[in-house]
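Student: I would like to learn how to read a few features of a model, starting from a single residue.
Tutor: Then let us look at one.

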Amino acid sequence: MVLELKPFIDGHYSTDGKDFVMGSSMGALISLYALSEYPHIFKAACLSTHWPACQEKGLDYFATLVPQAGKHRLYFDYGTLGLDADYEPYQQKMDGHLRLKGYQLGKDWQSLKFVGADHNEISWRERLGGVLGFLIEP
């Protein structure tokens with residue numbers, strides 16, 4: 001993605017440096033990984049991050065990879081139905097890690113709970129405008 005796809009896109013389309021990755025569920029974990037591995041390139045949005053797949057050790061591992069605050073924007077959210085119903089304690093732990101790295105809620109990091117939202121494309125689509133608005137803000 002970084003060595004072939006992004007250079008192709010940058011070479012063929014008008015891009016303005018607002019590069020971000022976004023995914024839901026396991027895709028959210030991959031998006032967080034992309035930010036962690038390439039912090040000089042990406043901002044990340046993680047919708048309904050499937051934290052149980054990586055358990056506590058994996059979450060702590062991601063916390064060590066996430067870059068220090070200051071040059072990044074990072075978005076997380078989750079619902080309260082379906083698989084999302086299990087995510088809150090994991091997300092709260094990640095939120096604590098982000099605070100320790102200097103991230104300021106609402107400024108360079110967002111973590112939102114959507115009551116009544118399920119783990120599906122319909123719920124993620126309904127949140128998309130807010131996600132993009134947060135990531136694209138200067």
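Student: Where does threonine 49 lie?
Tutor: Elements are assigned first: helices (H or I, at least four residues) and strands (E, at least two) are DSSP runs, numbered from the N terminus. Threonine 49 is in the loop that links β2 (43-47) to α3 (55-65). This is a predicted model, in which local features need pLDDT of at least 70, side-chain atom pairs count only at pLDDT 80 or more, and totals for chains, interfaces and linings use all residues. Residues are numbered from 1 along each chain as its sequence is written, and side-chain values use heavy atoms, with hydrogens and water left out.

Student: Is threonine 49 buried or exposed?
Tutor: Buried means under 20% relative accessible area, exposed over 50%, and partly exposed in between (1.4 Å probe, protein chains only). Threonine 49 has a relative accessible area of 1%, so it is buried.

Student: Which residues is threonine 49 in contact with, leaving aside its neighbours within four places in sequence?
Tutor: Contact means heavy atoms within 4.5 Å. By that rule, threonine 49 touches Ser25, Ala28, Leu29, Phe76, Asp77 and Tyr87.

Student: What is phi of serine 48?
Tutor: Phi of serine 48 is near 50 degrees, a positive value in a residue other than glycine. Serine 48 is also in the loop between β2 and α3, and it counts as buried because its relative accessibility is 0%. Glutamine 55, in helix α3, likewise has a positive phi, near 55 degrees. Glutamine 55 has a relative accessible area of 43%, so it is partly exposed.

Student: Which residues of α3 are buried?
Tutor: In α3, the buried residues are Gly58, Leu59, Phe62 and Ala63. They lie on the same side of α3 because they cover an arc of only 145 degrees around the axis; the arc is that of the directions from the helix axis to the C-beta atoms. These buried residues pack against α2 (26-37) and α4 (88-100). On the face turned away from the buried side are the exposed residues Lys57 and Thr64.

Student: How many helices and strands does the chain have?
Tutor: There are 5 helices and 4 strands, in the order α-β-α-β-α-β-α-β-α along the sequence. Of the 138 residues, 43% are buried. Among contacts with a separation of 6 or more, 73% join residues 24 or more positions apart.
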